[in-house]
Amino acid sequence: MTGGTIRDSRSSDPPQMPLFSRPAFDRVRILEAADKARRRGRKRRAVRLYREVLAVEPRNPELHARLAPLLAATGQAFDAWRSYRAAIRHCVATKQLEAATNLARSATRTLPRLVEPWEQLARLEADRGNPETAVQELGRGRRAMRGRRRRPQAIFLLRMALRIQPASTGSTLALARLLARTDQTAEALRLLED
């Protein structure tokens, strides 16, 4: 050590990475991988990748619209409807009623046994000035609610149809029939008398 600086022998080594470091978030790469998985039919992988991006961007309506049908296809109906609803709300807030209606229609196709998509679609159609279409969609929803356990949902949809279009004979008869089957004959008779 004569007049010079002391040199650290470790200074030429590359910097050490932490043992359990997280890779940097690469949105574009993850979305490309998710889209590729979706095209190849690898639904669960696509769902996982879309959710990874949604963890960072929870209010992204485009991602919710992509994710919702995949969730429905993998049996995650509750989460699928939440994603559909988020995308629909964004479209309504930005006055894109056509896009919102198309999303709601897609929700009724992928989640036919849930009442909420049918209700949402009917409201959107009624708001757009199409009460006849709204009633037709509610009739389709009622037919999707087959079986004894789903009768309350079918009754709900038919009552909504009658609120939208009170003079609908088809909805009145279908509702009276279902009410009679659920031991609500007094209300069924009152409907038929009116």
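A residue counts as buried here when its relative accessible area is under 20%, as exposed over 50%, and as partly exposed in between (1.4 Å probe, protein chains only). Thr101 is buried, because its relative accessible area is 0%.

A quick word on what you're looking at. This is a predicted model, where local features need pLDDT of at least 70, side-chain atom pairs count only at pLDDT 80 or more, and totals for chains, interfaces and linings use all residues. Residues are numbered from 1 along each chain as its sequence is written, and side-chain values use heavy atoms, with hydrogens and water left out.

**The whole chain**

The protein chain has 10 helices and 0 strands; helices are DSSP runs of H or I with at least four residues, strands are E runs of at least two, and numbering goes from the N terminus. Of its 194 residues, 36% count as buried. The accessible surface is about 12700 Å², with 50% of that belonging to carbon and sulfur atoms (Shrake-Rupley method, 1.4 Å probe; for residues, only the protein chains shown count as cover).

**Back to Thr101**

Thr101 sits in helix α5 (residues 97-110). Leaving aside neighbours within four places in sequence, Thr101 is in contact (heavy atoms within 4.5 Å) with Leu121, Leu124, Glu125 and Arg128. With Arg128 there's also a side-chain to side-chain polar contact at 3.3 Å. A polar contact is a pair of N or O atoms within 3.5 Å; within protein, one must be able to donate a hydrogen and the other to accept it, and residues adjacent in sequence count only if both atoms are side-chain atoms.

**Two helix pairs**

Axes are lines fitted to C-alpha atoms, for helices over the stretch in contact, and angles run from 0 to 180 degrees between N-to-C directions.

| Helix pair | Axis separation | Angle |
|---|---|---|
| α6 (residues 115-127) and α7 | 8 Å | about 170° |
| α7 (residues 131-144) and α8 (residues 151-164) | within 9 Å | roughly 170° |

Angles under 35 degrees count as roughly parallel, over 145 as roughly antiparallel, 65 to 115 as roughly perpendicular and the rest as oblique. The angle therefore makes α6 roughly antiparallel to α7, and likewise α7 roughly antiparallel to α8.

Where α6 meets α7, the α6 side includes Leu121 and Glu125. By class, this contact has 7 nonpolar, 2 polar and 3 charged residues. Where α7 meets α8, the residues include Leu138 in α7 and Leu157 in α8; this contact divides into 10 nonpolar, 1 polar and 1 charged. Ala, Val, Leu, Ile, Met, Phe, Trp, Tyr, Cys and Pro count as nonpolar, Asp, Glu, Lys and Arg as charged, and the others, Gly among them, as polar.
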